[in-house]
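Welcome to this short tour of charged side chains.

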Amino acid sequence: MIRRLVSALILVWVIGFVFFVGLLPRPAAGDRRTDGIIVLTGGPNRIERGLTLMREGKAKRMLVSGVNMEVARRDFLKMFQPPRALFDCCIDLGHEAVDTRSNAAESADWIEKHHYRSIRLVTTDWHMRRARFELREALPEHVTIVTDAVHSEPDLKVLLTEYHKYLLRRVAALAGY
């Protein structure tokens, strides 16, 4: 009986991992506009994707969540070279977040402050499921989340680590944490 239960759990885990890897989120398609864009730091091409979307007029404002405390606005401007007028009016740097869960909290505060009803979440494809889950947990139901994943070529270690983090976070949420 115990062997069957363990075998069933392993099978469920393997099937879940296959789906996790095989169905990685993709960039958002179409010309959909949202009130805001949230870019989570921590991976290549995320900020560049957010800036491209802003230049295309896909949102009114953008939050870059999880910016290192030592990175000032002038440093960001130097590194990513967004148009100065766009940067001055419409890009906020969030320095409070240190992980995905605090990214969600920082983002939820920003969304509430601006009274947004729709946002576009930009992060790496392998990170999107957990990031979206955390953000959905932190936001009121009426806020729409459009996912816009940045394509990557993650190795097996990254995928396994993220799959386990995602599973653990889902279990913790079920337990009320």
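A residue counts as buried when its relative accessible area is under 20%, as exposed when that area is over 50%, and as partly exposed in between. Keep in mind that you are looking at a predicted model. Side chains of opposite charge can pair when their charged atoms come close. In this structure there are nine salt bridges to find, and we will visit some of them.

**First stop.** Select Asp148 and Arg49. They form a salt bridge, with 2.9 Å between the closest N and O atoms. This pair links distant parts of the chain: Asp148 belongs to strand 5 (residues 144-150), Arg49 to helix 2 (residues 46-55), and 99 residues separate them. Is Asp148 buried or exposed? Its relative accessibility is 0%, so Asp148 counts as buried. Arg49, at 24%, is partly exposed.

**Second stop.** Now pick Glu56 and Lys58. Their side chains meet in a salt bridge, at 4.0 Å from N to O. Colour the two by accessibility: Glu56 is partly exposed, with a relative accessible area of 48%, whereas Lys58 is buried at 9%.

**Third stop.** Move on to helix 4 (residues 84-90), where you will find both Arg84 and Asp88. They sit four residues apart, about one turn of the helix, and their side chains meet in a salt bridge of 3.1 Å, N to O. Asp88 is partly exposed, with a relative accessible area of 46%.

**Last stop.** Finally, select Asp31 together with Glu56 and Lys58: salt bridges with shared partners join these three into one network.

Notes. Residues numbered from 1 in each chain as written. Predicted model: local features only at pLDDT ≥ 70, side-chain atom pairs only at ≥ 80, totals over all residues. Heavy atoms only, no water. Helix = DSSP H or I, 4+ residues; strand = E, 2+ residues; numbered from the N terminus. Buried < 20%, exposed > 50% of the residue type's maximum accessible area, 1.4 Å probe, protein only.
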